[in-house]
Each structure stands twice: as structure tokens, then as C-alpha cells.
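Dear colleague,

Please find the structure below, followed by a short account of what was found in it.

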Amino acid sequence: MRLATWNVNSVRARADRVVAFLERSGTDVLAIQETKCRDDQFPYLAFEAAGYEVAHVGFSQWNGVAVISRVGIDDVELAFAGQPGFAKAPAVASGPGVDGGAGQAPAAEDAPDPVHEARALGATCGGVRVWSLYVPNGRALDDPHYTYKLAWLDALRAQATRWLGEDPAAQVALVGDWNVAPLDTDVWDMAPFDGATHVSAPERAAFAAFADAGYREVSREHLPAEHTYTFWDYKQLAFPKNKGMRIDFAWASPALAERVTGVTIDREERKGKGASDHVPVILDLDGD
DNA sequence: ATGGTTGAGGGTCAA
């Protein structure tokens, strides 16, 4: 079986390209991120015509994740248990002569309700529990989205720990855009990332915690070469200059990791007109 | 060169 993950950066802008990838690569199950559409806008027909079923969750032009499968798609979950929503940091008292006021909790009635975002979808395909994951970007170290990102990763790790606890033999794939570059060699140059997200110690710790939970990041096991990227920004000729980042990964439960016979990063998908800024990461699994 | 690229929506915002 062939299982892949790809941040497609709008499934409507690239439906033909995604279908072509499925057919060319022989992918059975594809987890996509950043569909950038609501459910009612998803181009289901293009995938169904190619013989695939789709499970999608999307609420707006932001985020959106899906699993696309030709080996069945069951027990769909549109979020993981305990998945945090985004809430702005509590308002901080400020004004002339007021220095911060950090730590003062707002009145409870002033706290906004967290907004649930379409960033995780789970489905069982061909015996594998596949989670398509779009980890929050974080934006900046002092941004509320950064706190959200860390909380989101921690909550996912806690849930992933429970899944393995309930069934140590479970075949679980946690795949997607993690928005973390775990190693300095996962970016073209660390200098531009001084004080930036994606490379900070807390983000890297939150990512590495999945190993402590018993999972194996199988893409690096099979593709250990440094400066092997999965994303290149659209701006400033990043792809021709190979100024990329490795931020798309596949954490596999032990039983699934044992089945992985090879991993491919399809760099060709970054080429040509109409490319996403990410490329697919493809896992080959032995057996059905 | 004080910008550089996409996508969605029609507001700029997000990445």
C-alpha cells in the first residue's frame, strides 16, 4: 500500500494536479492539508471519477484537511479528542503609565470562546488509522498563535499516547504539515530563523515528544540526508535557489513503522506552473 | 529594487 501526505495549498486550485499525482504515483491513500475550502466547495467529483473516496473538513478559506482513499474510508473523525481551538490571549490592561499588566486574568465573561479550526481529520483506510494534520503555523514567538501551536501539539501527543495505550499493535499514521523544522539542517540556513518560529526549542521539543510517546518518524528513518526539503516559499526564487524547509513528516506507530519499506519526497511536484509550495511525502508499506 | 509570491475573496489576511 502507498500512503502519502501533501499540503496542497488549495484543493480547488490544484484538483487536476492532485488527481494526476494520485494516478502517476499509484497512491492509495492521500492525506492533504490546506484545502482552503468549505465542505460544500470541495471538488469531490474529480476524485470520485478517479476511483477515490474523500473525507474532508473545512469551515472557510483557511485550513481544511482531508483524506482521499481508494482502499476504503471508515470511522471518520473531524477532530481529535481534546483538539484545542484558537483563542486570543487575554486582553492586557495598558495605557499611559501602565507597564504591561501581564498575568492579570480578564473577567471570565470577557474571555473569547476558542474557535475550532479544521486542522485534523482521522479515517481508517486499508487497516491504517490515518490522521491528516495541519499544525498551526505559530506566526511569531510572541504571537498568541505560537502558544496555540504548542498547546495543539501537546494535546495531539497526549491523544496519540492514549491510542497506543489502548492498542499497542495499532497501525496509526500521523502525517501532515507539522510546521516544525526539527533539525538545523532542515532549513537552508539558520541565520534567517533567529528568533523565528518553526525552529524554536519548545516547538522542537513538542515535536520530539511523539518519539517519547512511542511513535517513529519514518520519513527521516528512510531519508536521513540533510537539507532534504518538503517546502519552498513562493517568494524570492526560493525553489530555484533551493532555500527550503523540511516541515512535512510522518509519525508512525511501531506496528506501522515496521511495515514501511521506503519513503519518497516528490520534489518534482514543486516544479512547473501551478505547483503547491509543499511536495508530497510518500510511504510505501508492505502487505495490503 | 524598502520589494520579491500565491490563494481566497472581493475586507485584506494568511502563509
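**Strand β14 and its surroundings**

Strand β1 (residues 2-7) runs antiparallel to β14, and 4 bridges join the two; strands here are DSSP runs of E with at least two residues, helices are runs of H or I with at least four residues, and both are numbered from the N terminus. Two strands count as paired if DSSP finds at least two bridges between them. In this pairing, L3 stands opposite L283 in β14. Strand β13 (residues 260-265) also pairs with β14 in the antiparallel sense, over 5 bridges, and T264 stands opposite I282.

This is a predicted model, in which local features need pLDDT of at least 70 and side-chain atom pairs count only at pLDDT 80 or more, while totals for chains, interfaces and linings use all residues. Residues are numbered from 1 along each chain as its sequence is written, chains are lettered from A and ligands numbered from 1 in the order in which they are written, and side-chain values use heavy atoms, with hydrogens and water left out.

Because 5 of the 5 residues of β14 (residues 281-285) are buried, the strand is largely enclosed by the rest of the structure. Buried means under 20% relative accessible area, with exposed over 50% and partly exposed in between (1.4 Å probe, protein chains only). V281, L283 and L285 are buried on one side of β14, and I282 and D284 on the other.

For chain A as a whole, there are 6 helices and 14 strands. Buried residues make up 52% of its 288 residues.

With kind regards
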